[in-house]
Amino acid sequence: MDDIAVGPLDLARRVDEALAVQAVAFGLTAEEVAVRRHIVLRHLACPGARALGATTPDGRLVGFVYGMPNDRTHWWSTVVEPYLRTNGYDDWLDGSFVITELHVHPAFQNRRIGRTLITSITATAQERRSILSAIDKESPARALYRKLGYRDLARHVVFPSAPSPYAVMGAELPLQG
Ligand SMILES: CC(C)(COP(=O)(O)OP(=O)(O)OC[C@H]1O[C@@H](n2cnc3c(N)ncnc32)[C@H](O)[C@@H]1OP(=O)(O)O)[C@@H](O)C(=O)NCCC(=O)NCCS
């Protein structure tokens with residue numbers, strides 16, 4: 001990733017570019033992009049929310065990550081809480097930095113950009129651990145998270161309106177490797 005710069009991203013200003021990356025990396029319809037746009041802008045108003053971007057030398061955004069300190073009153077946290085509680089892990093909802101989104105454009109994947117984005121954003125977190133959710137199937141994302149020290153805290157987590165179940169994963173900070 002020699003020619004790719006990773007640094008702070010003004011995600012509110014560049015939300016459309018970021019969602020274009022997410023749409024092709026993760027697969028979002030135009031309707032889903034419109035819904036995500038509202039959600040991202042709302043998230044950015046939360047205390048401690050921040051984003052990093054990966055850009056080419058000519059300024060094209062090819063990857064991004066954003067997250068925030070977990071807040072138990074947020075929708076995501078209220079959905080995962082009963083699953084974590086069942087497994088005895090609901091204390092992970094306190095003192096955790098949540099990775100809300102991480103996406104790298106397919107033409108730029110496998111160049112350690114995703115790894116750099118997530119390790120960089122968590123490196124500046126005040127929290128002692130990090131949590132996230134990922135579709136509950138083997139994928140590059142799940143492989144990356146495991147390599148960084150994330151382990152499964154809950155599986156088969158159902159988010160209303162999401163077609164596939166998710167796994168919730170957590171790691172102590174700083175991340176490994
Ligand atoms: C997950 C994602 C962000 C990773 O970004 P990336 O820049 O390609 O990842 P990296 O090059 O930093 O890879 C880091 C590790 O991930 C794993 N990985 C990446 N691509 C992989 C693949 N195709 N198959 C298996 N493992 C893979 C490797 O273990 C790699 O480890 P290594 O660096 O020791 O070889 C990217 O694949 C992506 O955007 N996927 C689609 C969207 C998505 O699923 N986002 C996550 C939502 S939870």
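**Sheet, ligand shell and backbone**

Modeller: Let me begin with β6 and strand β7 (residues 166-172), which run antiparallel and are joined by 4 bridges; please keep in mind throughout that this is a predicted model.

Colleague: Which residue is the bridge partner of Arg-151 in β7?

Modeller: The partner of Arg-151 there is Gly-170 of β7.

Colleague: And in what order do the strands of the sheet come?

Modeller: The sheet is an open one of 7 strands with mixed pairing, and its order reads β1-β2-β3-β4-β5-β7-β6. The edges are taken by β1 (5-8) and β6 (151-157), each of which has a single partner strand, so one side of each is left without a neighbour in the sheet. From one strand to the next, the twist averages 20°.

Colleague: What does α1 touch when it packs on the sheet?

Modeller: Helix α1 touches β3 (61-69) and β4, and the direction of α1 makes about 100° with that of β3.

Colleague: Changing topic, how many residues surround the ligand, and which are the closest?

Modeller: There are 19 residues around the ligand, and the closest are Gln-109, Gly-114, Arg-115, Pro-140 and Leu-144. Two or more residues of that shell come from each of α1 (15-27), β4 (96-104), α4 (113-123) and α5 (140-147).

Colleague: Which element gives the largest share of the shell?

Modeller: That is α5, which supplies 5 residues. By residue type, the shell around the ligand divides into 10 nonpolar, 5 polar and 4 charged residues.

Colleague: Now the backbone; which residues have a positive phi although they are not glycine?

Modeller: Among them are His-156, with a phi of about 55°, and Ser-161, with a phi of about 85°. For context, most residues other than glycine have a negative phi.

Colleague: Where do they sit, and are they buried or exposed?

Modeller: His-156 belongs to strand β6, while Ser-161 lies in the loop between β6 and β7. With a cut-off of 12 or fewer other C-beta atoms within 10 Å for an exposed residue, His-156 counts as exposed because it has 9, and Ser-161 counts as exposed because it has 7.

Colleague: One last thing, which residues does the cis peptide bond join?

Modeller: The cis bond joins Leu-173 and Pro-174, with omega at about 0°, and Pro-174 is found in the segment after β7.

Technical notes: Residues are numbered from 1 along each chain as its sequence is written. This is a predicted model: local features need pLDDT of at least 70, side-chain atom pairs count only at pLDDT 80 or more; totals for chains, interfaces and linings use all residues. A residue is near a molecule or strand if its C-beta atom, placed from the backbone, lies within 6 Å of it. Ala, Val, Leu, Ile, Met, Phe, Trp, Tyr, Cys and Pro count as nonpolar, Asp, Glu, Lys and Arg as charged, and the others, Gly among them, as polar. Two strands pair if DSSP finds at least two bridges between them. Axes are lines fitted to C-alpha atoms, for helices over the stretch in contact, and angles run from 0 to 180 degrees between N-to-C directions. Two residues are in contact if their C-beta atoms, placed from the backbone, lie within 7 Å. A residue is buried if 20 or more other C-beta atoms lie within 10 Å of its own, exposed if 12 or fewer, and partly exposed in between; C-beta atoms are placed from the backbone.
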